[in-house]
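Subject: Structure handover

Hello,

Please find the structure below, with notes on what was found in it after that.

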There are 2 protein chains.
Amino acid sequence: MSAEPAAAYRMPNQSEIRIETVLQALADPVRLEMVRQLAKDDGELTCGAFDVPVSKSTLTHHLRTLREAGVIGGRPQGTTRLNWLRRKDLDALFPGLLDGVLAARH
Amino acid sequence: MSAEPAAAYRMPNQSEIRIETVLQALADPVRLEMVRQLAKDDGELTCGAFDVPVSKSTLTHHLRTLREAGVIGGRPQGTTRLNWLRRKDLDALFPGLLDGVLAARH
DNA sequence: CTCGTAGTACGGTAGCCATCGAACTTCGAT
DNA sequence: ATCGAAGTTCGATGGCTACCGTACTACGAG
């Protein structure tokens, strides 16, 4: 009944983003790869569009972790959901961090 | 028997440093604080000089983690050991990362 | 040599978290 | 209204790791 917008939609505003949480989110290989894929041409990806070797439920878990850390944003779009990198917010808080991470050879 | 220099002294050379490992090392609050303390005036700290709320053995564990990730270097000095940030190597591999992390308000 | 200090090694424990499958929800299409 | 596709939620599990105390090693001072 009038259900709240689902915890899934919650994400911190810029001032709530903490470096410890961001680093923890980026520290997982799968999530790091997801961030790399989001960084390509600054686009938005649906959940199903990520190319990572995990199950659908695990993917949801990683997206939630990234979103709650403030690394990505998400908005529902029909039956799917679009995700994007919060590059502006991250650059403002931790200038150079994202670029440094993405500069790594892999 | 000419014991080897102890695993504790081993650390990766620049080309062996991997971003995943570095991020994992930085993702722990205690280790992040240690890195912050090392970053102050680019100095060297003995193991005992870190101001963190963990036991001596745990401190050793964190120093090993940071060293094996390539975040810090260490050299024995008498009965103590000096630790320093490998800022040059990190900046070369991941330009901006360290500055971004250290720029975070805390 | 003896003693104290600095740090490491070891074994054990508790808590976290990445992972999965299955069940559920939501939305668009037919 | 039904169906299917896209995500989410839930519960369980295994592995990793931060943490500690104790025992040990290495070095310098006296």
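Between chain A and chain B the count of salt bridges is 0, a salt bridge being a side-chain nitrogen of Lys or Arg within 4 Å of a carboxyl oxygen of Asp or Glu.

Some conventions. This is a predicted model, in which local features need pLDDT of at least 70 and side-chain atom pairs count only at pLDDT 80 or more, while totals for chains, interfaces and linings use all residues. Residues are numbered from 1 along each chain as its sequence is written, chains are lettered from A and ligands numbered from 1 in the order in which they are written, and side-chain values use heavy atoms, with hydrogens and water left out.

The protein interface

Across the interface of chain A and chain B there are 4 residue pairs in polar contact, with both residues at pLDDT 80 or more. A polar contact is a pair of N or O atoms within 3.5 Å; within protein, one must be able to donate a hydrogen and the other to accept it, and residues adjacent in sequence count only if both atoms are side-chain atoms. On the side of chain A that touches chain B, helix H1 (19-26), helix H2 (29-39) and helix H5 (97-103) of chain A each give two or more residues; helices (H or I, at least four residues) and strands (E, at least two) are DSSP runs, numbered from the N terminus. That side of chain A has 13 nonpolar, 4 polar and 4 charged residues. For these classes, Ala, Val, Leu, Ile, Met, Phe, Trp, Tyr, Cys and Pro count as nonpolar, Asp, Glu, Lys and Arg as charged, and the others, Gly among them, as polar.

In contact terms (heavy atoms within 4.5 Å), 21 residues of chain A meet 21 residues of chain B. The buried area between the two chains is about 1,700 Å², with 66% of it from carbon and sulfur atoms; buried area is the accessible area (1.4 Å probe) that two parts lose on being put together, summed over both. In chain A, the residues that lose the most area to chain B are A:Leu23, A:Ala27 and A:Arg105, together 27% of what that side buries.

DNA strand C

DNA strand C is surrounded by 21 residues, of which A:Ser55, A:His61, A:His62, B:Lys56 and B:Arg64 are the closest; a residue is near a molecule or strand if one of its heavy atoms lies within 4 Å of it. Of the atoms of DNA strand C within 4 Å of the protein, 66% are sugar and phosphate.

DNA strand D

Around DNA strand D there are 21 residues, and A:Lys56, A:Arg64, B:Ser55, B:Ser57 and B:His62 come nearest. A polar side-chain atom of A:Lys56 is 2.7 Å from a base nitrogen of DNA strand D, and one of B:His62 is 2.3 Å from a phosphate oxygen. By class, the surface near DNA strand D has 3 nonpolar, 13 polar and 5 charged residues.

Regards
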